[in-house]
Amino acid sequence: MGRNCDCLPELGDHIFCRRKGGLYYHHGIYVGDNMVIHLAGKAKKLQPPNPCQECRNKGVINGEMAKTCLDCFLRGEHFFVYEYGVSYFKHKTREMGTCTFLTARRPPHEVVGTAVDLLDHDGFGGYNVFANNCEDFAMYCKTGFSGSHQVLGRIKRLGFLFPVGLVAAIPIALGYSIAKVITDVRRSHSPS
Ligand SMILES: [Zn+2]
């Protein structure tokens, strides 16, 4: 697991925190000034019923994208910093959705620039837990590539635990790759 402390994340950090008691992780990019940009999804209630003063002043909701303050992003949880460039073997031993062997070569200002740009243009397509999720968004900002290890890990675990799961995992994995290709194509054709 990445860094975990009470200090603020660093500019351009890909951070994540537990949601629903650890059922899954929510990911975002720390863009400075105590704010986080994340892909939140339309179905999820983006706008809290009583947005905090900071979110009222500086928050942005644009379609599926949101900029909220760190506290509203964390919802009482601690943040972890997603790790890039971990070795293949280390990656295998870690919980999926917490690190990647991809390297994050982009400098912080470029990571933040990409996140802001996607927020401005509501530019990451619809939230889709298999093909286009919050981890994909943050990874795309950091590397220019996307690919959710969290989802892949879940599919793998499904296949590992139950033979029945394996049967279910094949169409899910297939659906994932097809949806992925469609989103990637859509993304590469959309004006930047
Ligand atoms: Zn807030």
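These are my notebook entries on a predicted model, from its overall layout down to single residues.

**Ground rules**

I number residues from 1 along each chain as its sequence is written. Since this is a predicted model, I keep local features only at pLDDT of at least 70 and side-chain atom pairs only at pLDDT 80 or more, while totals for chains, interfaces and linings use all residues, and side-chain values rest on heavy atoms, with hydrogens and water left out.

**Overall layout**

I started with the secondary structure and got seven helices and six strands. Here helices (H or I, at least four residues) and strands (E, at least two) are DSSP runs, numbered from the N terminus. Going along the sequence, I read β-β-β-α-β-β-α-β-α-α-α-α-α.

Next I looked up burial. Of the 192 residues in the protein, 42% are buried; buried means under 20% relative accessible area, exposed over 50%, and partly exposed in between, with a 1.4 Å probe and protein chains only.

I also checked contacts, meaning heavy atoms within 4.5 Å. Taking those between residues at least 6 apart in sequence, 62% join residues at least 24 apart.

**Helices α4 and α5**

How do α4 and α5 pack, at what angle and how far apart are their axes? I found an angle of about 135° between α4 (residues 108-120) and α5 (residues 134-143), with the axes 7 Å apart. The axes are lines fitted to C-alpha atoms, for helices over the stretch in contact, and angles run from 0 to 180 degrees between N-to-C directions.

That makes α4 and α5 oblique to each other. The cut-offs: under 35 degrees is roughly parallel, over 145 roughly antiparallel, 65 to 115 roughly perpendicular, and the rest oblique.

Which residues meet there? I noted V111, T114, A115 and L118 on the α4 side, against F137, Y140, C141 and K142 on the α5 side. I sorted the residues of this contact into six nonpolar, one polar and one charged. In that scheme Ala, Val, Leu, Ile, Met, Phe, Trp, Tyr, Cys and Pro are nonpolar, Asp, Glu, Lys and Arg are charged, and the others, Gly among them, are polar.

I then looked at G125, in the loop between α4 and α5. G125 is partly exposed, at 26% relative accessible area. Its C-alpha is 10.0 Å from that of F137, 12 residues away along the chain.

**I29**

I picked I29 in strand β2 (residues 24-32). Buried or exposed? I29 is buried, with a relative accessible area of 0%. Beyond its neighbours within four places in sequence, I29 touches residues including V111, A115, F137 and C141. I29 and L11 are 18 residues apart in sequence, and their C-alpha atoms are 8.4 Å apart.

**Cysteines**

I searched the whole structure for disulfides (cysteine sulfur atoms within 2.5 Å) and got zero. C99 is buried at 1% relative accessible area, and C141 is buried at 0%.

**Two positive phi values**

Most residues other than glycine have a negative phi, so I wrote down the exceptions I looked up. K20, in the loop between β1 (14-19) and β2, has phi near 50° and is exposed at 64% relative accessibility. R75, in the loop between α2 (70-74) and β6 (80-81), also has phi near 50° and is exposed at 56%.
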